[in-house]
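Please look at the model first, then read on.

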Amino acid sequence: MTSDYGGVFGAYPFAFRASESRLFKLYVVASGLAVTLIGLLVTIALIVLIGQTAAVQGGSLTLSRAFYVVIGLLVVLPAIAPTLVVARRRRRGTDTSRRHETALAVAGFLFLLSLYLGLVASMPETFVLDGEMVTRPQPTGAFAPVISVLYAIPAVLSWSVPLAGAALVGLAHWLFR
């Protein structure tokens, strides 16, 4: 298991093979799929933005295009960090435990959940969908209290939800290393 994995793309199969934690192996698969989907969505959004603004010259539009890429990286990095940490530690032969891998997997899953929760928190009270003004649905069911709390977060601060999830990934690594 000491073979080199050759970067980010090779780290996923390497970490999957080298890990002793089944939960972590599940996280490697889930995060790989999530990161692929996020990358695809960011790429499509960037292509649409470029297509809509192709006739306009540089300036702030160039900055907004770069902003899409930066936001994409900020979303992807905490999702791939647990996999990269375990792959690096396993490759170097650094002592790593099943407990550390499990903690990273739990924190990673919570980060992926926080991305969704951040989207819920960012949903405006009213918005236009297919030319119609739509009001967001009222929270119901077992998760109504959680959704109510997320709706109470101002949309401009909705980024704090995934930020807390990313901090949890770092904290899990620091506590269980």
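Helix axes in this report are lines fitted to C-alpha atoms over the stretch in contact, and the angle between two axes runs from 0 to 180 degrees between N-to-C directions. The model is predicted.

## Overall layout

The protein chain contains 6 helices and 2 strands. Read from the N terminus, the order of elements is α-α-α-α-β-β-α-α. The C-alpha trace spans about 55 × 45 × 25 Å along its principal axes.

Of the 177 residues in the protein chain, 32% are buried. Among contacts between residues at least 6 apart in sequence, 66% join residues at least 24 apart.

## Helix H4 against helix H6

Helix H6 covers residues 160–176, and its axis comes within 7 Å of the axis of H4. The two axes cross at roughly 175°. An angle over 145 degrees counts as roughly antiparallel, and H4 and H6 are therefore roughly antiparallel to each other. By class, the residues in the contact of H4 with H6 are 15 nonpolar, 6 polar and 1 charged.

## Helix H2 against helix H4

Helix H2 spans residues 22–52 and helix H4 spans residues 98–122. They pack at an angle of about 30°, and their axes are 9 Å apart. Why are H2 and H4 described as roughly parallel to each other? Angles under 35 degrees count as roughly parallel, and the angle here is about 30°, so H2 and H4 fall in that class. The crossing of H2 past H4 is left-handed.

On the H2 side, the residues that meet H4 are Leu23, Phe24, Leu26, Tyr27, Ala30, Ser31, Ala34 and Ile38. On the H4 side, they are Glu101, Thr102, Leu104, Ala105, Val106, Gly108, Phe109, Leu112 and Leu115. The contact of H2 with H4 is made up of 13 nonpolar, 3 polar and 1 charged residues.

Leu23 lies in helix H2. Is Leu23 buried, partly exposed or exposed? Its relative accessibility is 31%, so Leu23 counts as partly exposed. Leaving out residues up to four places away in sequence, Leu23 touches Thr102, Ala105, Val106 and Phe109. Leu23 and Pro139 are 116 residues apart in sequence, with their C-alpha atoms 31 Å apart in space.

Phe109 belongs to helix H4. With 27% relative accessibility, Phe109 also counts as partly exposed. Apart from its neighbours within four places in sequence, Phe109 is in contact with Leu23, Leu26, Tyr27 and Ala30. Ala54 is 55 residues from Phe109 along the chain, and the C-alpha atoms of Phe109 and Ala54 are separated by 38 Å.

## Helix H1 against helix H2

Helix H1 covers residues 8–18. The axes of H1 and H2 come within 8 Å and cross at roughly 165°. H1 and H2 are therefore roughly antiparallel to each other. H1 passes H2 in a crossing that is left-handed.

Tyr12, Ala15, Phe16 and Arg17 make the contact from H1. From H2, the contact is made by Phe24, Lys25, Val28, Val29, Ser31, Gly32 and Val35. Sorted by class, the contact of H1 with H2 has 7 nonpolar, 2 polar and 2 charged residues.

Strand S1 (residues 126–129) and strand S2 (residues 132–135) run antiparallel and are joined by 4 bridges. Which residue in S2 is the bridge partner of Leu129? The partner is Glu132. Val128 has Met133 as its bridge partner in S2.

The hairpin of S1 and S2 has 2 residues between the strands. Asp130 is in the loop between S1 and S2. Although Asp130 is not a glycine, its phi is positive, at about 55°. Asp130 has 76% relative accessibility and therefore counts as exposed.

Conventions:
Residues are numbered from 1 along each chain as its sequence is written. This is a predicted model: local features need pLDDT of at least 70, side-chain atom pairs count only at pLDDT 80 or more; totals for chains, interfaces and linings use all residues. Side-chain values use heavy atoms; hydrogens and water are left out. Angles under 35 degrees count as roughly parallel, over 145 as roughly antiparallel, 65 to 115 as roughly perpendicular and the rest as oblique. A crossing is left-handed if the near helix is turned anticlockwise from the far one by less than a right angle, and right-handed if clockwise. Contact means heavy atoms within 4.5 Å. Ala, Val, Leu, Ile, Met, Phe, Trp, Tyr, Cys and Pro count as nonpolar, Asp, Glu, Lys and Arg as charged, and the others, Gly among them, as polar. Two strands pair if DSSP finds at least two bridges between them. Buried means under 20% relative accessible area, exposed over 50%, partly exposed in between (1.4 Å probe, protein chains only).
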